[in-house]
Amino acid sequence: VRYLFSDKTGTLTRNIMEFKRCSIGGIMYGNSTEDSNALDDENLVQKLNACDPLVDKFFTILAVCHTVVPELNSTENSTNANNSSYSVGTASGNGILDNEQLISYQASSPDEAALVKAARTLGYVFTTRTPTEIIIKIRGVEKHFTILHVLEFTSFRKRMGVVVREPNGRISVMVKGADTVIFERLASSSLYAQSTMDHLENFAKTGLRTLCIAWTEVDPTFYTEWAKNFHEASIAITDREAKLESVANEIEQDLQLLGATAIEDRLQAGVPQTIANLMRAGISIWVLTGDKQETAVNIGYSCQLLTQSISLLTMNTKSLDQTREQLVNLIEDFGDRIRMENDFALIVDGQTLEFALLCECRDQFLDVALSCKSVICCRVSPWQKAQLVKLVRQSIKDAVTLAIGDGANDVGMIQAAHVGVGISGMEGRQAACASDYAIAQFRFLNKLLLVHGAWNYNRLTKLILYSFYKNVCLYLIQFWFAILSGFSGQIIFERWSIGLYNVIFTAAPPMALGLFDRSCSVNNCLKYPELYRDTQASASFNLKVFFCWILNSVYHSFLIFWIPLLAFAVDTAYSNGQTSSLLVLGNSVYTYVVVTVCLKAGLEHTAWTWLSHLAIWGSIGCWFLFLIIYPHVYPTLSLAPDMVGMDSAVYGCGIFWFGLLLIPLIALTRDLTWKITKRITAGTLREQVMQMERMQVDPGRLIRASIRPKSSDRSAFVRIMRRSMGSQALLNLCLGASLRTGTTPTTPTPITDPRQTDHGYAFSQEEHGAVSQSELIRAYDSNRRKPEGR
C-alpha cells in the first residue's frame, strides 16, 4: 500500500466529545492531573455552592448560548439512547425532572452538546426550547430567557452568540468562539485576559478544543436601533451574509471575558502511533472528512499527521480560475521536486476540491497533492471521497490504494480503492460489510499492514513465482523430448503421474510458502516500519524477477532432462546387461523434477516450521511411495498396465540413484550460490534484518543508517511560503502550527506573540445549511409532543 485514504470522525476519533477543563475568572479547574475533569474539581463545586457570580454567569451562558434542541422521551426508550443522551433523573438533588423521563440533546455541533451536558452536570439544566425562549433550571429553580436574536457561527466569524432578555429584564449578548476573535472585542475594562491566555496555552499543549466565553450588557436604546439594522440585513437581497456579519459585529463589542472551555474529542487508542508508523513506512496518508477545516487540521496535529516540521499549504478558492491559477503557481514553485515527497501538507476545502476534480485541473491538482507528505480534504461529500480515490488509483498505475472508514458515507471511497477496510463503529456496519477487511479500531491497521500485509505480500509473490517455476520445469521437459521424437506426440511421462503432479506431489510446498512463510519477526515489523518500504518498491515481484524465475526453470528443466538422457544412453544400464526403457527414463526424470522443485521451495523458505518440513519432505516421500504402489494396481484396476514392474526397474537401477544425488545438486547449486552471494553483497534491507535476527542482533542501527532523510529544495520552499501567507489565519487556529518564512523546513521558528499562538480552537458548528440554525430553533417547540408512528 502506498496511499491511504481515511475518514476522520469515528475512524481516527471516537466521535465522543468530553468537557475536560475550564478557566473561570482567571482560575483553572480540572488541571490537577492529566486525567482530571473540571466537573469533579472540588474548588469549582465549592464556588457553585457559594453562588459565585462569575461561575454562575459562566455556566448560565453555556446553558443558554447554543442552538441545541432538547427532546424528552419516556423511559422505555432509554435503552436505545445514544451517547448524546443522558438521564436527567440521575442528577439527584437538583429537582430537574422525574426519574422516569429521559432528555437527549440534538446538536449540529458535538462541541455544543458537550458544553450543554457539562452545564447540566453542575445543575444548569437546559430543559425547554420554544420559538421565542429558552428555559433552564438552576438547582431546581426555573429561569426563562427570551431569545431575541441568534448570531450564527461561520468560519469567517469563528464565533456564535445570542442576544437574550434575561429574567430580570436586562438585555445581554452572550458569545463563545475562538480566542483570536474574542480577545480583540474585549472591553478595556475586561479582566482575566492574561491569565485566561496562559490557561489556553496550557490547554493547547494537551490538544484540547477550546472556546472563549464572554458577554456584555446592551443598552435598550442601542438595542432598538441595532435590531432595525439587523432586520434590514436579514431581508437584504444581495450580500446578505456579509451584511449580517457586519451588523453582528456592531453588538459584539466591549465584551467582558468570563473564561474558556476545553473539550476533548478523544482519538482512538493508538492512532498517533499508528499514523507515525505508517508514515515511517512510506505510506502517504490522506484524510477525507466532512468536518470544517479548523477541526480537521487540529485533529491532524493531535494524531501526528501534521508536525512542526511540516508546513501547511491551504487551498480555499471560490472559482475555477482561482483554483487553476493557484495550482499552476504551486507546480511552478515545486519545480524539480514535483511529485516528490516534500515537507508540506496540503489542506483543501470541499469547494476547492470540486473545482480541482474537474478535467481542467485534476492532473495539476494530483501533481501538487503527490508533492506533499500528507493531504487533508475538508467539507468533502461522499461522492468527492470516491472520486479522489479513483483519481489516484487511475493516475498512478503502480501504486496500491487503501481506504478506511466507519460510516455509510465512506462506502463509495472504500469500494473505489484497491483495498477497502471497514471499521465497525457507532455509525453501523455498512462500511464493514462493503469492505475487504473489517477491523474494530484504526490502530489494528498497524499490524494489518506492517505485519500481515508485508508477510502476505511476500508469501503471495513467492507462491505465484514458484507455481510458474514448477510447472515450466516439468512441462518444458516434454518439449525437449518432442525435439528428439520429431514432435510425434509421444509423451515421456506416464499420464496419471502428470495429472497428479500439481494435485499431490508438488501441492504442499507452495501451500507452505503461502501460509507459513514469514520474512521478519512481528516485533521488528512493528518496531521498524521502514521494512515495509521493500514491499512498496516491488523488489520481490516485478517483470525482471518474473523472467529470472522463468529462465531458471528453463535451466533446471534442461539439466534434469538432458543429463539423465545421456546417462541412460549406455548399453548396459543394469548389472545383468539389460538396457533401460522409455518409462524408466521418464520416471527417473520425473523423480528428479519432484525432488528438485521441492528442494527449491526449501531454498525460498525464510522461516522453517515443522509444517514446512512436512510439506517438502512429505511431498518427496509421497512420490517414492506412489512409485512403489502404483505399478501393482494392474490388473486389479485397469490402470497403467505399462507401469507393471516399474518400481523394481527404477529402484534397481544404479544410474537412477546416482542421478538422484547428482542432478538436483547440480541444478540447485547455482540457486544456492546466487542466494548466498546476493545476501552477502547486495541483500535487501529485509534480508539483512533477517540475518541479524538469526544472530539475535538488534537491527535498529542498520535500519536507521539505510533510511536517510530526504533533502528538500530550499528555493522551492521559500517560493511556496511566499505564496502561502494566507495560511497564517488557519495556522493560528491549529494546535502547534506555525508558518516559517525565514528558516529551513527543519528549524521551526518559535512564536512569541501570544495572540498568534494556536489554542486548539476547533468549533465544528454547522454553517451555510439549507435551513439556518436560527430558523431551525425558531421553528422548534419542545413543549409540543412529537407525532408517533403507527
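Modeller: A polar contact here is a pair of N or O atoms within 3.5 Å, where one must be able to donate a hydrogen and the other to accept it. The model is predicted.

Biologist: Which side chain does arginine 393 join through a polar contact?

Modeller: Start with its place: arginine 393 is found in helix α13, residues 382-395. Beyond its neighbours within four places in sequence, arginine 393 is in contact with Thr401, Ala416, Ala417 and His418. Its side chain reaches the backbone oxygen of alanine 416 at 3.1 Å. The side-chain partner, at 3.3 Å, is histidine 418.

Biologist: Is arginine 393 buried, partly exposed or exposed?

Modeller: Buried means under 20% relative accessible area, and exposed means over 50%. Arginine 393 has 32% relative accessibility, so it counts as partly exposed.

Biologist: How far apart in space are arginine 393 and tyrosine 3?

Modeller: In sequence, 390 residues separate arginine 393 and tyrosine 3. From C-alpha to C-alpha, the distance is 9.1 Å.

Biologist: Which residue of β14 stands opposite phenylalanine 5?

Modeller: Strand β1 covers residues 3-6, and strand β14 covers residues 284-288. The two run parallel and are joined by four bridges. Opposite phenylalanine 5 stands tryptophan 286.

Biologist: Which are the edge strands of the open sheet of eight strands?

Modeller: The order is β15-β16-β17-β14-β1-β18-β19-β20, with parallel pairing.

Biologist: At about what angle does helix α10 run to β15?

Modeller: Helix α10 spans residues 320-334. It lies across β15, β16 and β17. Its angle to β15 is about 150 degrees.

Notes
Residues numbered from 1 in each chain as written. Predicted model: local features only at pLDDT ≥ 70, side-chain atom pairs only at ≥ 80, totals over all residues. Heavy atoms only, no water. Buried < 20%, exposed > 50% of the residue type's maximum accessible area, 1.4 Å probe, protein only. Contact = heavy atoms within 4.5 Å. Pairing = 2+ DSSP bridges. Axes fitted to C-alpha atoms, helices over the stretch in contact; angles between N-to-C directions.
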